[in-house]
Amino acid sequence: MVKAIRVHELGGPEVRKWEDVEIGEPKDGEIKVKNKAIGLNFCDTYFRNGFFKASAFPFTPAVLETGMEAVGMVTAVGPGVTGRMAGDLVAYAGYPMGAYAEDSWWSGSLLCQWANALGATVIGTVSTKEKAAQAKEDGCHHVILYKEEDFVALVNEITSGKGVEVVYDSVGKDTFEGSLKCLKLCGHMMSFGSSSGAPDPVPLSSALLLKSLSLTSPNMIYYTITRDELLQTASEVFTNVAAGVLRVRVNHTYPLSQAAQAHTDLESRKTSGSVVLIPDGS
Ligand SMILES: NC(=O)c1ccc[n+]([C@@H]2O[C@H](COP(=O)([O-])OP(=O)(O)OC[C@H]3O[C@@H](n4cnc5c(N)ncnc54)[C@H](OP(=O)(O)O)[C@@H]3O)[C@@H](O)[C@H]2O)c1
């Protein structure tokens, strides 16, 4: 038996239960991992409240973002597995869910840093001065406090009326329309998240899109479908982390048993950077 967070019904952070579960031994092609640290992502709140559909109840949530994500130690290897053995330290990210457990199976700011390293002029929006200071440290050239300032007007001013090449928008409902207005002719809108709610639909005929804009709703998971794609992507990320180009900011850690509090803090905008859940004894 191991302890795991399980969700039996949709609802607020309180629907998470800390329960005993039987994991069993790994089957063909599987490894068993004792999780040491588990990443929290906004998508976890979506599976809990029904914005995203879980395939069955009860389920043990984990994390999209990079998907269901954790780092841990291999404790057992199933038949047919090569290249991994007990004692290996492994990291995983992706489906299926299940990282919110002491053991499991496995079959904002980085974007800013990476764009800066690639030579882009980066304009960011945040709600507080504290977050603005972090964004500056992360290589954001211009930081806009979008609760106090008109970010569309400021982007227009910073770009001398031209607009920007691309917007990466993870806030959704509250910023979507403004983000489209910030784009230059033939600009690209990457609407990759919706922490304030799903954006309202925009008809193709809308004046907002008449600048030959392209609009996409990308999902990390679909860029790492094959093992080769996953290895290539992961290698690029970790090479940049090792070289100091990307600096991971773990601003908040919680015991795994207090995942509900972590959800509350994430949803009430108290967090920034990475939020990590630590199983007891790790
Ligand atoms: N497509 C993908 O592959 C992918 C990957 C990762 C994440 N996402 C999505 O991106 C979004 C952000 O996720 P994240 O993990 O990166 O978390 P995050 O940036 O830490 O998201 C929380 C932040 O969103 C902002 N926010 C604006 N309105 C909010 C509201 N009404 N309630 C709560 N927060 C609000 C807050 O920042 P301010 O206070 O500064 O406004 C808050 O700190 C989520 O929708 C997530 O599903 C998508």
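Tutor: Buried means under 20% relative accessible area, exposed over 50%, and partly exposed in between (1.4 Å probe, protein chains only). This model is predicted: local features need pLDDT of at least 70, side-chain atom pairs need pLDDT 80 or more, and totals for chains, interfaces and linings use all residues. Residues count from 1 along each chain as its sequence is written, and side-chain values use heavy atoms, without hydrogens or water.

Student: Is serine 160 buried or exposed?

Tutor: Serine 160 counts as exposed because its relative accessibility is 61%. Its phi is positive, about 50 degrees, although serine 160 is not a glycine.

Student: Where does serine 160 lie?

Tutor: Elements here are DSSP runs, numbered from the N terminus: helices (H or I, at least four residues) and strands (E, at least two). Serine 160 lies in the loop between α4 and β9 (164-169). Serine 160 follows α4.

Student: Which residue caps the N-terminal end of α4?

Tutor: For such polar contacts, look for N or O atoms within 3.5 Å; within protein, one must be able to donate a hydrogen and the other to accept it, and sequence neighbours count only if both atoms are side-chain atoms. Aspartate 150 caps α4 (residues 151-158). A side-chain oxygen of aspartate 150 lies 3.0 Å from the backbone nitrogen of valine 152.

Student: Which residues come nearest to the ligand?

Tutor: A residue is near a molecule if one of its heavy atoms lies within 4 Å of it. Around the ligand there are 23 residues, and Tyr46, Ser127, Lys131, Tyr146 and Arg269 come nearest.

Student: Which residues have polar atoms by the ligand's oxygen atoms?

Tutor: Start with arginine 269: an N or O atom of its side chain is 2.7 Å from a ligand oxygen. A polar backbone atom of serine 194 is 2.8 Å from a ligand oxygen. For methionine 220, a polar backbone atom is 2.8 Å from a ligand oxygen.

Student: Which elements give two or more residues to the shell around the ligand?

Tutor: α1 (42-49) and α7 (259-267) do. The largest share, three residues, comes from α1.
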